[in-house]
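Thanks for coming. I have one structure to walk through today, so please look at the screen.

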Amino acid sequence: MAGTGRDERAWVRRAQAGSASDFEALFRAHWGPAYRAAYLVVRDAAAAEDIAQEAFLAAVRALDRFDRRRPFGPWLHRIVVNRAIDWARARALRAEGEAVDVAAPEQRERDDELLRELGRLSPEHRAVIVLRYLLDYTPGEIAELLELPRGTVNSRLRRGLDALKERLE
Amino acid sequence: MKFVVPEEREAEERAWAVVSAAYAEREPVAWPRRHWQPLVAVAVVAAVVAAALSPPGRSVVRSVRKAVGIETAEQALFSLPTRGQLLVSSRSGLWLVRPDGSKRRLGRYRDATFSPHGLFVAATRANQLVALDPKGAVRWTLARPAPRFPAWTGTRTDTRIAYLSGGRLRIVAGDGTGDHVVARAAAVAPAWQPGPERVLAYAEGRSAVVYNTDRGTVLLRTPPIPEPVRKVAWSRDGERLLVFAPHATRVYRNGKVVEQDDPSDATLDTDAAFAGRRGHVAAIRFAGVSSNVFWIGGGPVLFSGTGVFRQLAPSPDGRWVLVTWPTANQWVFVRTRRRKIVAVARIAQQFGRRARVEDWCCA
């Protein structure tokens, strides 16, 4: 569970000052959303783990330069999603098959189907849908995160949702 | 869309092992956290000076001065809104202000405090701790290097003055005898706990220490906050301890944090104090170009205005709090319950530049 903005700023400040417990609080608050976002883009649990872990390592390296006036979550998610898109593109170039479907058996069938179809979208379309509907960013925020024009974000969202709807029907 | 990726928890633990090791090995950049502040301050001062020197600049400064502050402010401190007397220090020296507004300059002193019943004053100057009567007559002096921040406690028959000198906290009896070192301490005013025992709070870097001076024992050392402690203060009942820093304020009761405030980097608190009859903590928050006085525990904003509020000084009965407002060259007395505002203008003309309330005593 992510902390409040105030919690988060305090964690970042203390982590910069060397507090391991505050850095752990920051990690625990953001690991889940980051890992899930990566997974939804790459559809591969091992790759998602690597991507999320790499994003946190990047966070450690950049911690002292981090502008504490900015929220930590969007900054981390931007790294995660961009890396996930790169990974998914590279996999497509290697002509790998679809990612192994590792959905848990207890998940509802409808969710399985949705996730499976999501995995068939292009990485770019997956990324904006994950950011919008899993991480609850607004289209404006997604545009800022991915450095895309807002119109491009909207069109990717629209096309991605249309494709999902078509396949699910 | 809510789901959990299989083995999410295990993945988290594996990642934490790697990430925490990287964090442990990292070498923080050796750049003081607030390093930019002096640079910004210098830049602001340079810009203001440059602007003020030009004819259009002078005009702007005049109009800003007129625009900031309470228009209906009294032109002099005719009286205090409640009982007690004030000690005010400034570039021109130390002043004692009576409830009827009459004031007397006690001499060139830096920091000062009243004795427990307001009958005497302890003050510091270059290399002396000095005890004075209210007319400014010196009762005794004690030569110590650069003494600062005297704090006086006790009964009518037995008192102690704590003060800092040479990076050490020292205590001397009210008659100037028995001076001795207590501990190393940061350059922050120590605070005696109200109550029968002689218990003192002082700052030690990023922590505050509560020390029983009779038994010679440390009762509490608070966990470090992210920046050096700038103020310690006790509630009037002596049950709560305020530990203040601009970006991290904590209130302790029985060794536990009961209230805290961590302003974001875009803002900072310039002071905090116990105020109001119930002894809640009020703080000054400076954000952008304005300041406001608010209760840390929540509640209505007490007072807000343009520019910088520097200091909060609660009245001895807790009903009023004095907000110093150098940008407007005003003091604002704010009644904390059934809010009422009494503003006084031309503070620099009455007390000299950089006027600061040293103590407000005694109900």
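This is a predicted model: local features need pLDDT of at least 70, side-chain atom pairs count only at pLDDT 80 or more; totals for chains, interfaces and linings use all residues.

Residues are numbered from 1 along each chain as its sequence is written, chains are lettered from A and ligands numbered from 1 in the order in which they are written, and side-chain values use heavy atoms, with hydrogens and water left out.

Chain A first. Its secondary structure comes to eight helices and zero strands, where helices (H or I, at least four residues) and strands (E, at least two) are DSSP runs, numbered from the N terminus. Read from the N terminus, the order is α-α-α-α-α-α-α-α. Chain A has 169 residues, and 50% of them are buried; buried means under 20% relative accessible area, exposed over 50%, and partly exposed in between, with a 1.4 Å probe and protein chains only. Of the contacts in chain A with a separation of 6 or more, 64% are between residues 24 or more positions apart, a contact being heavy atoms within 4.5 Å. The accessible surface is about 8,200 Å², with 47% belonging to carbon and sulfur atoms. Those areas come from the Shrake-Rupley method with a 1.4 Å probe, and for residues only the protein chains shown count as cover.

Now chain B. Here the secondary structure comes to four helices and 28 strands. Of its 363 residues, 49% are buried. Among contacts between residues at least 6 apart in sequence, 39% join residues at least 24 apart. Chain B exposes about 17,800 Å², and carbon and sulfur atoms supply 53% of that.

Where do the two chains meet along α1(B)? The buried residues of α1(B) pack against α1 (5–16), α2 (20–42) and α3 (45–62) of chain A. Those buried residues are B:Glu8, B:Ala11, B:Glu12, B:Ala15, B:Trp16, B:Val19 and B:Tyr23. Helix α1 of chain B covers residues 8–25, and its 18 residues should span 26 Å at 1.5 Å a residue, which agrees with end C-alpha atoms 26 Å apart. The expected span is 1.5 Å times one less than the number of residues.

Next, a sheet. Four strands of chain B form an open sheet in the order β3-β2-β1-β28, with antiparallel pairing. Its edge strands are β3 (103–107) and β28 (356–361), each pairing on one side only. Two strands pair if DSSP finds at least two bridges between them. Strands β1 (residues 85–90) and β2 (residues 93–97) of chain B are joined by five bridges, and B:Val88 has B:Trp95 as its bridge partner in β2(B). B:Trp95 in turn has B:Arg105 as its partner in β3(B), with four bridges joining β2(B) to β3(B). The hairpin of β2(B) and β3(B) has five residues between the strands, and B:Gly101 takes a positive phi near 90° there.

Last, the cysteines. How many disulfides does a search of the whole structure find? It finds one over all chains, a disulfide being a pair of cysteine sulfur atoms within 2.5 Å. B:Cys361 and B:Cys362 form it, with their sulfur atoms 1.5 Å apart. B:Cys361 is buried at 9% relative accessible area, whereas B:Cys362 is partly exposed at 27%.
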